[in-house]
Amino acid sequence: MTPEHSDPPFVQRHVETVASTSELIRQDAVAEATVNLQNLSGGNVTGAGPVMASYYLERRSGTGDQHERMDVQGASFVIGRSADMVQWVDTATGVSRAHVELSRNKSGYVIKDLGSVNGTILQGNILAPYKEYPLADGDTFTLAESVYTYRSVGEDIVQSVR
């Protein structure tokens, strides 16, 4: 067989192989999580295990008629108008496509305005774009017509265990 007459469905078979592999990955995704056998507390804490801090936001609309809660997880949590760019979509008038980012650090989260058109207000102060500001439990920040309250649960316990 000459190279000009090689098997044309090669690419097609390759695509079929990828499709069947992705099917396998989807099926394996339901496997149970790995059990961590390390002592995570590092101290003499008794009880059911280490207390993990959790973080969330409470959002109220400018009119106060709508209240929502969202868990903040991961290294980065972006709020904005564009669903394909953010973790939380806020469709209030004046919110930029990617308006503000909450980033995780060792003591909790910091907030950073992402150069939004209408800015972000934290505790009554306008944030400088792209500068990080630490968040504490109960801090409020405003994006256009939306007011968010940052909440951290269990943070003091985790800090004292370390």
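Strand pairing comes first in my notes: two strands pair if DSSP finds at least two bridges between them. Helices (H or I, at least four residues) and strands (E, at least two) are DSSP runs, numbered from the N terminus.

I keep in mind that this is a predicted model, where local features need pLDDT of at least 70, side-chain atom pairs count only at pLDDT 80 or more, and totals for chains, interfaces and linings use all residues. Residues are numbered from 1 along each chain as its sequence is written, and side-chain values use heavy atoms, with hydrogens and water left out.

**Entry: around Ile79**

I looked up what stands opposite Ile79. In E4 I found Trp88, and in E5 I found Val100. Strand E3 (residues 76–80) and strand E4 (residues 88–89) pair in the parallel sense over two bridges. With strand E5 (residues 100–105), E3 pairs in the antiparallel sense over four bridges. Is E3 enclosed or open, I wondered? Four of its five residues are buried (under 20% relative accessible area; exposed is over 50%, partly exposed in between; 1.4 Å probe, protein chains only), so E3 is largely enclosed by the rest of the structure.

**Entry: the open sheet**

Next I traced six strands that form an open sheet, in the order E2-E1-E11-E10-E7-E8, with antiparallel pairing. Its edge strands are E2 (67–72) and E8 (125–126), each pairing on one side only. I checked the E8 end: strand E7 (residues 120–122) pairs with E8 in the antiparallel sense over two bridges, and Ile121 has Ile126 as its bridge partner in E8.

**Entry: rings**

A pair of aromatic rings is described by the distance of the centres and the angle of the planes. Rings of Phe, Tyr and Trp (its six-membered ring) pair if their centres lie within 6.5 Å; planes under 30 degrees apart count as stacked, over 60 as edge-to-face and the rest as tilted. By this rule I get three aromatic pairs. Tyr55 and Tyr109 have ring centres 5.1 Å apart and planes at 75 degrees, so I note them as edge-to-face. Tyr55 lies in strand E1 (residues 54–61) and Tyr109 in strand E6 (residues 108–113), so this pair ties together parts that are 54 residues apart in sequence. Tyr55 is buried at 5% relative accessible area, and Tyr109 is buried at 1%.

Tyr55 also pairs with Tyr150, and here the rings are stacked: 6.1 Å centre to centre, 20 degrees between the planes. Tyr150 sits in strand E11 (residues 146–153) and Tyr55 in E1, so the pair ties together parts that are 95 residues apart in sequence. Ring pairs link Tyr55, Tyr109 and Tyr150 into a cluster.

**Entry: the core**

Which residues have the most contacts inside the largest nonpolar core? I listed Leu57, Phe77, Ile79, Leu102, Ile111, Phe141 and Tyr148, in a core of 21 residues. Such a core is a set of buried Ala, Val, Leu, Ile, Met, Phe, Trp, Tyr and Cys residues joined through side-chain atoms within 4.5 Å. The elements giving two or more residues to it are E1, E2, E3, E5, E6, strand E10 (140–143) and E11.

**Entry: Ser96**

I found Ser96 in the loop between E4 and E5. Ser96 is buried, at 10% relative accessible area. Contact means heavy atoms within 4.5 Å; not counting residues up to four places away in sequence, Ser96 touches Gly80, Arg81, Ser116 and Val117.
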